[in-house]
Every structure is written in structure tokens, then in C-alpha cells.
Amino acid sequence: MGDLAARHADPESGERGQSHPPAEPGGGGPNIDSLTLTAIAGDDGPASLIIQAEDPERVSIVDSGSTSSSALTRVVDSEHPDALGNVGAGALGGGYVDFGTDAGDAVTFHVSPDDVGVYNATIRYVNGGTGDRPLLVSINGAEPTLVSFPPTGSWSNWSEVSISVPLSQADNTLTLTLPSAAQGGVANGPNIDQIGFDYVEALPADPTLVFSIEGEALTIDDGSSAADTVVRDASNPEPTGGGADRLWGILPVPVIWTWAGRPATQDRSRSMSPVRGPIC
Ligand SMILES: [Ca+2]
Ligand SMILES: [Ca+2]
């Protein structure tokens with residue numbers, strides 16, 4: 001919608017002004033000089049949220065296992081260096097969380113958006129190691145999904161991993177947990193700087209339908225004991241209908257896009273690749 005106003009001049013009085021539009025019985029009309037359309041800002045959705053990992057008001061840490069310094073999952077800043085006495089350069093907000101070495105160590109972000117919905121969560125991290133340091137990601141305590149945090153080249157070269165998450169209530173939690181080897185983890189994690197949350201779209205109509213994807217395996221939880229939500233493919237087609245192959249066409253599977261292993265300033269469009277499905 002716009003704000004419509006017309007500038008006109010009265011030929012007898014010389015009066016000029018704006019009207020919506022002028023009424024002039026008996027024919028004729030005003031001389032139209034110009035038309036001004038003023039756009040009214042639309043609703044761009046809820047404002048973005050950025051939570052610093054070192055924010056004690058919004059982030060809680062569960063540190064388990066050994067009490068040796070290298071095993072601790074803790075906040076690192078100028079007053080609290082890491083186990084080697086270092087503070088990594090390039091973190092935003094003055095600090096970051098350094099994962100220790102114990103499976104089960106966890107960092108929970110408390111997220112209170114203006115509106116519920118599906119959000120893009122951009123996790124800023126650094127991994128100066130030589131191999132992937134995956135973490136389990138869970139939203140509001142739901143079944144976690146393993147997310148990759150590939151090497152970034154150095155401990156000061158921060159990068160981002162972006163995942164799609166549902167923020168379905170006023171207060172949500174996003175928990176990053178160091179997985180065990182059996183869960184696909186290694187005995188260490190990346191450093192986490194911050195997570196930004198950007199609104200994408202409204203929640204699905206049926207919030208009880210939950211997809212969880214780990215690796216190549218897809219698990220469906222339809223919220224009831226009856227297996228009435230199943231995968232249909234060539235090995236398990238529809239009992240009836242669906243055409244010759246009894247499949248109702250192919251539905252696109254949503255994916256998580258990562259921009260891992262690149263400098264934060266790099267053009268995202270050149271290195272995106274889908275790795276996993278949505279976390280619910
Ligand atoms: Ca620990
Ligand atoms: Ca930070």
C-alpha cells in the first residue's frame with residue numbers, strides 16, 4: 001500500500017495544494033503537475049537476534065569429566081585465556097566458548113524471539129585443527145542432529161555454519177553438545193563465537209511432525225504409535241493410487257546449507273553445499 005497524493009493548481013485563484021482527488025462538478029478538472037507515491041515500510045518479520053557465546057545471561061555451560069584445564073568447556077576472553085594461555089583473535093563481542101575434550105560437555109543458547117517460526121541459525125566458529133569437529137545440535141531438548149564443523153585453516157580464521165531451526169515457543173534452547181565417538185564425535189570441539197537467528201518463515205501447520213536426519217538415515221516421528229507416516233519409494237509404494245509407479249511424484253527434501261571451511265568474508269554462494277535436513 002502506498003500514500004497517494006496529487007499536486008494541483010486552481011486556474012482562477014492560482015491556489016496550489018494537494019487533494020485526494022479534488023471534486024469539480026460540471027466537468028473539467030485540475031491541472032496535474034505531478035504524482036507522489038510514498039512507500040510505507042512493510043513488515044520484514046522479526047528482528048534478527050545475535051547471542052554471544054560468552055553472554056552469561058543467555059548462555060549456560062555444562063562442563064563434565066576431567067578437571068584438567070584442556071578438558072574444560074568454558075568462556076575464553078582477555079581475562080580468562082585457554083588451556084595454553086591463549087586468547088584466539090577475531091572473536092566478536094570480546095570472547096567465545098572453548099570446547100574441552102569430554103563427550104557430553106554442552107553449551108546452551110537461550111533464544112526468545114519476537115515471533116515463533118523457522119529461523120536460520122548462523123553459528124560463527126573456528127576450528128584450527130586438521131579434521132572435522134562435529135557437534136550435536138538440539139532444539140528445545142529434541143532428538144539431536146550431528147552437525148559438521150570442518151577445519152577453518154587457523155584458530156583466528158572464523159567461519160560460519162548455517163542451519164534451519166524451528167523456534168516454536170517464547171523461550172527456546174539451542175544446545176551444542178560434544179558427541180562421543182559412538183555418536184560420530186572426536187575428543188574436541190570447535191570454538192563458538194556467537195549464533196545469529198534470522199526469521200525465515202512460519203512454522204509448519206503440523207508441529208507434531210518431526211523429521212530427524214543423521215548422516216544418510218532419515219527417521220520419521222509422526223507423534224503416534226501407529227506407523228501412518230512412512231517413507232514412500234520404489235520399495236514401499238502407495239497401496240493404491242499414485243500412477244503407474246504408485247508414487248505421487250517426488251517431493252523436495254529440505255536441506256541444511258553450510259558455508260563451512262571458508263573465510264567469513266568469502267562469497268557464500270560459491271561454497272554452499274547441502275549436508276543435512278532440518279533440525280526439529
Ligand atoms: Ca569437560
Ligand atoms: Ca563472541
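Biologist: Two strands pair if DSSP finds at least two bridges between them, so over how many bridges do strand 6 and strand 7 pair?

Modeller: Strand 6 (residues 74-77) and strand 7 pair over four bridges, in the antiparallel sense. Strands here are DSSP runs (E, at least two residues), numbered from the N terminus. This is a predicted model, where local features need pLDDT of at least 70 and side-chain atom pairs 80 or more, while totals for chains, interfaces and linings use all residues. Residues count from 1 along each chain as its sequence is written, and chains are lettered from A and ligands numbered from 1 in the order written.

Biologist: Which residue is the bridge partner of valine 75?

Modeller: Valine 97 in strand 7 is its partner. On strand 7 (residues 95-98), Gly95 and Val97 point one way, Tyr96 and Asp98 point the other way, and all are buried (20 or more other C-beta atoms, placed from the backbone, within 10 Å of a residue's own).

Biologist: And where does aspartate 98 find its bridge partner?

Modeller: In strand 14, at asparagine 191. Strand 14 (residues 191-201) runs antiparallel to strand 7, and two bridges join them.

Biologist: Switching topic, how many residues has the largest nonpolar core?

Modeller: It has 34 residues, and Ala121, Leu174 and Ile192 have the most contacts inside it. Such a core is a set of buried Ala, Val, Leu, Ile, Met, Phe, Trp, Tyr and Cys residues joined through C-beta atoms within 7 Å. Strand 9 gives the largest share, five residues.

Biologist: What order do the strands take in the open sheet of five?

Modeller: The order is 5-8-13-10-11, with antiparallel pairing. Strand 5 (59-62) and strand 11 are the edges, each pairing on one side only. Strand 10 and strand 13 pair over four bridges, and serine 138 stands opposite threonine 175 in strand 13.

Biologist: What is the mean pLDDT of the chain?

Modeller: The mean is 77 (pLDDT is the predictor's confidence in each residue, from 0 to 100), and 65% of residues reach 70 or more. Residues 210-220 fall below 50, and residues 250-278 stay under 50.

Notes: Two residues are in contact if their C-beta atoms, placed from the backbone, lie within 7 Å. A residue is buried if 20 or more other C-beta atoms lie within 10 Å of its own, exposed if 12 or fewer, and partly exposed in between; C-beta atoms are placed from the backbone. Two strands pair if DSSP finds at least two bridges between them.
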